[in-house]
Structures are given as structure tokens and as C-alpha cells.
Amino acid sequence: MREILSFLPARRTPPPAADCRGRLLDFTRVRIMGVLNVTPDSFSDGGKFFDLSHALEAVARMTEEGADIIDIGGESTRPGSAPVDESGELRRVMPVLERLDPSKGSLLSIDTRKPAVARTALDAGAHILNDVGGLADPHMREEAAWAGAPAVAMHMRGEPRTMQENPIYEDVVREVAACLEERAGAAEAAGVRSVWIDPGIGFGKTFDHNLDILRGLPAFLALGRPLVVGVSRKAFVGAITGVKRAEERLAGSKVAEAFAALAGADVIRTHDVKAAVEALKMAAALARGRAGDE
Ligand code: HH2
């Protein structure tokens, strides 16, 4: 507990609000990004939202529960997953996006590594590009810049198929932060006005690397950009808590999310929006020492 509290002074003035293609998102409080996986094989909810009506219901529910952003993805990037081709990914995400009104409700982000998917989704009104490929592909930067969309650069070492095969770092926090700094700089140089960074928990990292990163979040905050963190239901939560089924890793996920928020994360990416809203309200009250709103 003492260690958690020692993080609190690290919370800095929030980064500037992001213009999400005409809708403003400020970071005066932690924001919640709800996950919608329109995939048959995602690690924790594969197949659940593959059907269009279920996907739309999930969007409505997460919006109601308080998701600031809904992150729509059509390719599983879980360790060992096989890639899906461009048209297959489009067939999954576009029916959902086309039925949502971008002028109201939660903001919409497209979780993809493919420039053509990014472009089609942004054309259909997605507000934010979420690239687990870390904006390493110049075409991804160009798509975000062209659309005037904020872009998330997430750190991944290697490819989903092989990334968990013995990842080695000398200093994971320093190396991941340096990589994100470089990628964010390249994206800004390409004209992306708001680059958000994400250390990529579980993407080419051991369980201990994930913990080092969560305990090292101040180094990422120091980069001065909105910081996104996704721990929800991930394997390290299962390993630590002993909960095998990903969708049952609620308690461990919420503690890790509250920890990340207390350490200063600006956006928490999560499968369980309602529980995250409650956990983060509790964390915020503990941080300010008052039960009422700020
Ligand atoms: N994690 C996943 C996918 N996309 N994007 C960001 N920015 N940060 C993350 O931590 C992140 C992400 C993996 O989780 P999920 O989408 O539930 O699984 P799958 O890749 O199997 O669909």
C-alpha cells in the first residue's frame, strides 16, 4: 500500500485535450476505453460479439456504463494468433461501424495494424486509430494524419505469433519508453496531431516485464503524451491470481487498472466497463481523500 501511495505525487498536469475529429476529449480524469472484439478467436471473448446484433448491444451497454471510447477490433492479437487478411478484417468491423452514429455516444477507435482497414474505418467515422503495431508502418501514420485523428502507438516486440517466445530486455521500462518516444516523434513529424502512447502489456513481455512496466509508469508519463494502459483479463493477471478462464479475471484486472490509474494513466482499455468505472471512482476518491467529486 505504501508503494501505491508513493506513486500519487507522480500524477502530473494532464496532457492537452485531444481533438478527436471534431469531438474533444480532455484528460482531466482517467478515461475508459471499452473493448469490442468482433472476432471468432480473441483470447477472452472470442466469438461473443461476432454476431452484429450482439456487437451493437455490447456497444450500447458499454456506452451506458460509461465508456468514453469503444475500441473496435477485427483481428485477434493474442499470443500465438494467426493474422487475418484485409477483406476479412473489414467484413468484421465495418458492419458495426456503419451502424453507429459518430456524432454521439462514445468515441470510436479502430484497433488495427492495416492501413486499408484504418482508412475505411476512419472514412466511416471512427475518431481514433489504435495501432498495436506502434505506428511503425509509415502508412499508418499517414492514415491518421490524413484523417486528423489521434493515434495510439502501442509497443509490441515481434509479432503476435511469436512475441511470447522468450522476450529479453536489459531494462524494459527504458527500452519501451525510448521506442515509444521515437515512434511518437515520427508520427508527429508525419502530421498526427495527438499521439497517445501505450507500453503494450503482454505484447512481447514476460509477466515480470508487465509488472516492471506498471511500476514504471512515471517514466511513460514523463513523455508528456496521453498514456493508455490495457491490462484487462491478460495472462499475467491469470498467472498471479490463479484464475484460468480469462473472462473470470475480473478482480485481478480491476486492481491492476486502479493501480495504473493511480500511477497516472490517462486511458484504461478494458473489457469490463462497469466494474472499471466503479474501481476507478474508488481509486480517485482514495487519491484525493474525499468521497465527493473533484
Ligand atoms: N491489447 C489487446 C488489443 N489491443 N490495444 C492497446 N492500445 N493496448 C492493449 O493493451 C491492447 C490493444 C489485446 O486484448 P484483446 O483485444 O482483448 O484481445 P485479442 O487481441 O485477442 O482480440
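**Stop 1: Lys281 and helix α11**

Begin by selecting Lys281, which lies in helix α11, residues 273–288. Helices here are DSSP runs of H or I with at least four residues, strands are runs of E with at least two, and both are numbered from the N terminus. The model is a predicted one, in which local features need pLDDT of at least 70 and side-chain atom pairs count only at pLDDT 80 or more, while totals for chains, interfaces and linings use all residues. Residues are numbered from 1 along each chain as its sequence is written, and side-chain values use heavy atoms, with hydrogens and water left out.

Is Lys281 buried or exposed? Lys281 is exposed, since its relative accessible area is 59%. Buried means under 20% relative accessible area, exposed means over 50%, and partly exposed lies in between, with a 1.4 Å probe and protein chains only.

**Stop 2: the whole chain**

Of the 294 residues, 54% count as buried. The accessible surface comes to about 13000 Å², of which 54% belongs to carbon and sulfur atoms; the areas come from the Shrake-Rupley method with a 1.4 Å probe, and for residues only the protein chains shown count as cover. Among contacts (heavy atoms within 4.5 Å) between residues at least 6 apart in sequence, 68% join residues at least 24 apart.

**Stop 3: Asn130 in β6**

Select Asn130, in strand β6, residues 128–131. Asn130 is buried, with a relative accessible area of 3%. Which residues does Asn130 contact, leaving aside its neighbours within four places in sequence? They are Asp71, Ser109, Ile110, Asp111, Thr112, Val152 and Arg269.

**Stop 4: two residues with positive phi**

Most residues other than glycine have a negative phi. Proceed to Leu135, in the loop between β6 and α5 (138–147). Leu135 has a positive phi of about 60 degrees although it is not a glycine, and it is buried at a relative accessible area of 0%.

Then select Arg233, in the loop between β9 and α9. Phi of Arg233 is likewise positive, near 65 degrees. Arg233 counts as buried, with 6% relative accessibility.

**Stop 5: the second largest pocket**

Which residues lie nearest the centre of the second largest pocket? Select Phe43, Thr77, Arg78, Phe203 and Lys234, which hold that position among 35 lining residues. The elements that give two or more residues to the lining are β3 (31–37), β7 (151–154), α7 (207–215), β9 (228–230) and α9 (235–241). The largest share, three residues, comes from β3.

A pocket is, on a 1 Å grid over the protein atoms alone, an open set of points where a 1.4 Å probe fits, with protein on both sides within 12 Å along at least five of seven lines; lining residues have an atom within 4 Å of a point. By class, the lining has 15 nonpolar, 12 polar and eight charged residues.

**Stop 6**

Select Lys205, in the loop between β8 (195–198) and α7. Lys205 counts as buried, at 0% relative accessibility. Not counting residues up to four places away in sequence, Lys205 touches several residues, among them His155, Tyr169, Pro199 and Asn210.

Finish at Ala189, which lies in helix α6, residues 172–189. Ala189 counts as exposed, at 72% relative accessibility. The C-alpha atoms of Ala189 and Leu262 are separated by 31 Å, the two residues being 73 apart along the chain.

Definitions and conventions: Ala, Val, Leu, Ile, Met, Phe, Trp, Tyr, Cys and Pro count as nonpolar, Asp, Glu, Lys and Arg as charged, and the others, Gly among them, as polar.
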